[in-house]
Each structure stands twice: as structure tokens, then as C-alpha cells.
Amino acid sequence: MSGTTREPRPANRTAREFEKVYGYPPEGVWAAPGRVNLIGEHTDYNDGFVLPFALPQRTEVAAARRADGMLRLHSAYVPSGVVTLEVTGLDPAHPPQGADRWTGYPAGMVWALLDAGLPAGGADLHIRSDVPTGAGLSSSAALETATGLALTELYGIPLTRSALAVLARRAENAYVGVPCGIMDQMASACATEGHALHLDTRTLEQRHIPFDCASAGLRLLVVDTRVTHDLADGAYAQRRASCRAAAESLGIPTLRDLPYPELEQALGRLTDPVQRRRVRHVVTENERVARVGELLSAGRLRETGRLLTEGHTSLRDDYEVSCPELDLAVSTADAAGAYGSRMTGGGFGGSALALIDVDAEPEVTRALAEAFRRAGFAPPHVMAAEPSAGAGRIR
Ligand code: ADP
Ligand code: MG
């Protein structure tokens, strides 16, 4: 149940599996991580700021080029076998559905490269991942990014990591049909080990801020509640619409353009109480990203905890995207000695994050299991996360 019990990852396993599936060895293996957002939630579609870091869990793609323009896809995570597509036939108007829906992520990545006029082509891909799917840890961005990196390196396409992330997001938006922001792909493509990635989602300007928990005697626990509430999709669209409408009422392009010192005055100009709460979350959250960034830069890691819990309260009460399982994870971790904790990701399920002393891990983990049991919830999955490297070639 803890970070020390992760599945071992023999370096050649993904390559060997490729050979079993396709009958010949791959040209290489590429990997891209999942991510956790330390702070800056629901800010990316408001042109705001985010502060994610990459997980040690990653998605590996073993790949080889094909000269015949076919794209063959296989994932160790999906039992249904190899899916064969034609690269020139990839069409965002007809994304794969049902059991093959997952192929939209890698196929969409290939489509996004081609649609940008880049010379990608056919390939055989085998995918293996230890990023939990649907836990708010961005297995989707890991899959897109690892696929994109494999294809660009195999076909000699010069693309910066940021540009790759932009195309990966386009794959998810336009091909899979998920209206996500840019944070997940940027974190997976660009994060560096021992750092959090401070990202301005408008300019894509990045700052890598040292975030070495281990040296500070700290640990980050990721608490996967293992629930996803149905509200997620509809509520996400509503929140986006609400933010857009509020920005329009205030006469600004996006909520990012409302500086924190002007928040109270702006709230006075909004008549809709729901819009007021949404605006207050986004603007205070951007401010929290700035403050957490400053504290990390100053090496004052423990002091970020209070801001994490403040962020959770704001997501729960003003943005209304939490759920009983996430609230319980946060209140339990905080009561058991965490410096602070918060839901991370879009909400309505998925994971929470807690900043604790290394020594407190057994107590916090035990308290979480006990609290979930008493509430009648399924046991949460708790893992330790260290800020890890972004995407790269591993073989
Ligand atoms: P998250 O990104 O938070 O994990 P999403 O719903 O955005 O959740 O993406 C999860 C989906 O991505 C899965 O349902 C599946 O379609 C696809 N996916 C992720 N990882 C893999 C994998 N290793 N093999 C096949 N499909 C995957
Ligand atoms: Mg995702």
C-alpha cells in the first residue's frame, strides 16, 4: 500500500513484450510519467498558473517504424489484442468508441503530428504503464506524450518538449474529444526530477522550482480514492462556462486577467452568487500558486501545507468540485499530522495529496484506511510520490 511496494520494472520488459506481440524487436522504448498537481486547480482553462510535478509512475511505449503507413497499437493494459489503423485514414470526426476508445490517445497523437504538417508515418507500438488510469494522475497525457516522443524521435521530427505537449493536448481535445487544459501534457513532457514545474498556461513560460521532499524529511502521499462520480464531465463544462461568463461580465479576456488585489472590488460587480464563488476560487488559487512557488524557492517546504489545505477548502466550498471521499481523505490526513492536503486533479473523485513528515507515513496511512472503513468507503490506495523526471527515451 505504500510507495515502497511498487511493482518492479525490469528495463527490458516492454521491449520483450513488443517482440512477443509483433515478432521482431522494437527500435527503441520511450517513457512519459503521470503527474500530480501540487497546487493550481481549475486554473489552466482560465489562462492561469499551475504547479504540477511528474510521478515516478510512467507509461512506456516500445516502437518501430513501418513503411506501409499502418499504425498497429497494443497495450498490456487492454486484453483485446492488436488494433490496426491506417495513418492516412485517421479522422477526428470518427474517433474510436467502445472497447477501442483507448486507441484514440495514441492514434490522436499521430493525427496531431500529421495535421501539424510533420512527417510522422506508420508504426508498431506496444504500451505498458504503471500510471493508475482514471485516478486523476493523468495516464492519458502520459500515453499521448510517450507516443508523441517515440514517433518524433523515430521519424527525426525536431520538436521542443513544449511543442510536443501542445500537440498532445490537441490530440486529446480534438481527437479523443476531452476538453482538457495544457497542464497534464506539459508536466509529462517537461517536468524534471526533484522539481515542480511552475507553468504560466497563457505564455507557456516554465520555471523548474526545486522540490526535494526527501532531503527535507518530507513525503508526499497520493491518496487514490478509487471513485469517479458521474458528475465530472458535465460539471467541468459548467465550470468552464461559468468562468467565461464571469470574465465577460467583468470585461476581461479571462479570469487570469483579474489581479488578486482587485478581487473584492470585482466580486462587488458580479450579481450571480455562483459566479462570485467560482471567480473567488480561480483568483485566490492563482495567488496560492505564486505563494507556494515562493515558499518552495525559499526552501520553506513545510509552510506550503497550509496553502494546500486552503486550496482544498476553496475547491470544496467555492468551486464545488470535491466529494465526500476527497473531503474525508483531506480531513483525515490533516488530523493525523499532515502539514496540509488537498484534492488534486479535476475533482468528483480521483486522488488527494498530503504533505507529511516521512515518519508520519504509517500513522497517516493507517488513519486513512480506518476512516474510509468507518465511512463505508472502499479502501483508498495510498502511494508515496517523489517529483520525478519528465518524458525521455529509456532504451
Ligand atoms: P487519467 O488521465 O486521469 O488517468 P483519463 O480518463 O483522462 O484519466 O484517461 C484514462 C484513459 O486513458 C483510459 O481509460 C484509457 O482509455 C487511456 N489509457 C491510459 N493509459 C493507458 C494504457 N496504458 N493503455 C491503454 N489505454 C490507456
Ligand atoms: Mg486524463
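Of the 395 residues in the protein, buried residues make up 54%, a figure that, like every other value here, is computed from a predicted model. The secondary structure through which these residues run comes to 11 helices and 12 strands.

The overall dimensions can be taken next. Along its principal axes, the C-alpha trace of the protein spans about 60 × 50 × 40 Å. The radius of gyration of the protein is 21 Å, and this agrees with expectation because a compact globule of 395 residues would have a value near 21 Å. As for how the chain is connected within that volume, 72% of the contacts between residues at least 6 apart in sequence join residues that are at least 24 apart.

Ser314 is found in helix α9, which covers residues 304-318. Its relative accessible area is 8%, and Ser314 is therefore buried, since the cut-off for that class is under 20%. Which residues does Ser314 touch, when those up to four places away in sequence are not counted? The partners are His281, Thr284, Arg288 and Tyr319, so that the surroundings of this buried serine can be followed in the structure from these four side by side with helix α9.

Methods:
Residues numbered from 1 in each chain as written. Chains lettered and ligands numbered in written order. Predicted model: local features only at pLDDT ≥ 70, side-chain atom pairs only at ≥ 80, totals over all residues. Heavy atoms only, no water. Helix = DSSP H or I, 4+ residues; strand = E, 2+ residues; numbered from the N terminus. Rg over C-alpha atoms; globule rule 2.2 N^0.38 Å. Buried < 20%, exposed > 50% of the residue type's maximum accessible area, 1.4 Å probe, protein only. Contact = heavy atoms within 4.5 Å.
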